[in-house]
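Please look at the chain shown here before reading on. The paragraphs after it go through a few of its parts in turn.

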Amino acid sequence: MPITVVGSIAYDTVKTPFGERERMLGGAAVHFALAASFFEDVRVVGPVGEDFGEEQLAVMRRRGVDVSDVERVAGGRTFFWQGEYGWDLNSRETLDTQLGVFEGFQPKLSERSRSSDVLFLANIQPDLQRDVREQLPHARFVALDSMNLWIDIARDSLVHAIESVDCVILNDAELRQLTGKPNLVTAAREVLSWTPRTPPASGGARGPSVVVAKQGEYGAALVTREGFFALPAYPLETVIDPTGAGDTFAGGLVGYIAAHRSEIGATTAEGGGGEELSDGLLRRAMAHATVLASFNVEEFGTERLERLTGNEIVARIKELHAMTQFSGAPLKLRG
Ligand code: AMP
């Protein structure tokens, strides 16, 4: 099932203990699209400025990503983000954010982008996320990412946006901040209890049925109404640049789910899936997300994903599988 993603398309200036890059290709929608392109057709929606190069668009085109809804704003500047990481790469400081063409951005989705069955609302202003969500009322699976900034300054709109999606992907700290609950599982359960205040145009109750809490180098946890699953991050000895790891993770997760059309609940006459995804599918999606993110952090920006191959993904999935399974130990315990 084709995927539409709306989010930032950016120039990133990044400094890590292992080097620095100036104005490299970045942005949440870009990292997501490159990862998801290993599984499905991806359509990117977002603005760029006059300074955005053809070569940057070609990076996405080479992976088969449809960039026809990337809007070039005359006289505008591309979204710019600058960050610096601490020595263990766990702490990141944002040094500069220039919204550029994102200021006053009104998402205009083509017929093609509106026809996608799967939608990813990358981290942008929640009002924009809701606007795009309303343009795809019949999407069968919708996922959303956000950040502390929007929890701070636009929480109500963000909660509205979350109520209209199937899957929420946040950092663990963001999930705690959003719900005010210090316990991660309780926080996730709180989000799972949210339902739309006004029933969606497409009918049905819905509200999120999957919450994914990203935990950086410690992996990620998945909480549904019935279950829980967690995976560690793939253990790497060389991590160069974590920028975009979260979006790459989301691209792996949503891409994998989109590629398994038959396992997503059947669409009702009014549109909208709404059936729970199978536990097995979600677990496999988590594994692919974890593996995609692990490749992303091996080099700066999009460098590693640009030359990643399907075979490399498959090999690492096997390794991750081997290192995370254990068999039952039939030992009679004392006491
Ligand atoms: P991540 O490392 O997964 O949090 O994603 C980093 C990417 O998000 C970078 O490529 C940035 O260009 C982009 N980014 C950073 N801040 C923002 C923001 N406020 N809105 C949208 N995108 C952002």
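**Helix α4 and its surroundings**

The buried residues of α4 pack against β1 (3-6), β8 (118-121), β9 (141-145), α5 (148-153) and α6 (155-163). This is a predicted model, in which local features need pLDDT of at least 70, side-chain atom pairs count only at pLDDT 80 or more, and totals for chains, interfaces and linings use all residues. Residues are numbered from 1 along each chain as its sequence is written, and side-chain values use heavy atoms, with hydrogens and water left out. Helices (H or I, at least four residues) and strands (E, at least two) are DSSP runs, numbered from the N terminus.

Which residues of helix α4 (residues 126-135) are buried? They are P126, L128, Q129, V132 and R133; buried means under 20% relative accessible area, exposed over 50%, and partly exposed in between (1.4 Å probe, protein chains only). These residues lie on the same side of α4 because they cover an arc of only 155° around the axis, taken from the directions from the helix axis to the C-beta atoms.

Next comes a pair of helices. Helix α1 (residues 28-36) and helix α9 (residues 245-258) pack at an angle of about 40°, with their axes 7 Å apart. The contact (heavy atoms within 4.5 Å) is made by A28, H31, F32, A35 and A36 of α1 and by D247, T248, A250, G251, G252, V254 and G255 of α9.

A259 is in the loop between α9 and α10 (279-296). With a relative accessibility of 33%, A259 counts as partly exposed. A259 touches F39 and E40, not counting residues up to four places away in sequence.

How values were computed
Axes are lines fitted to C-alpha atoms, for helices over the stretch in contact, and angles run from 0 to 180 degrees between N-to-C directions.
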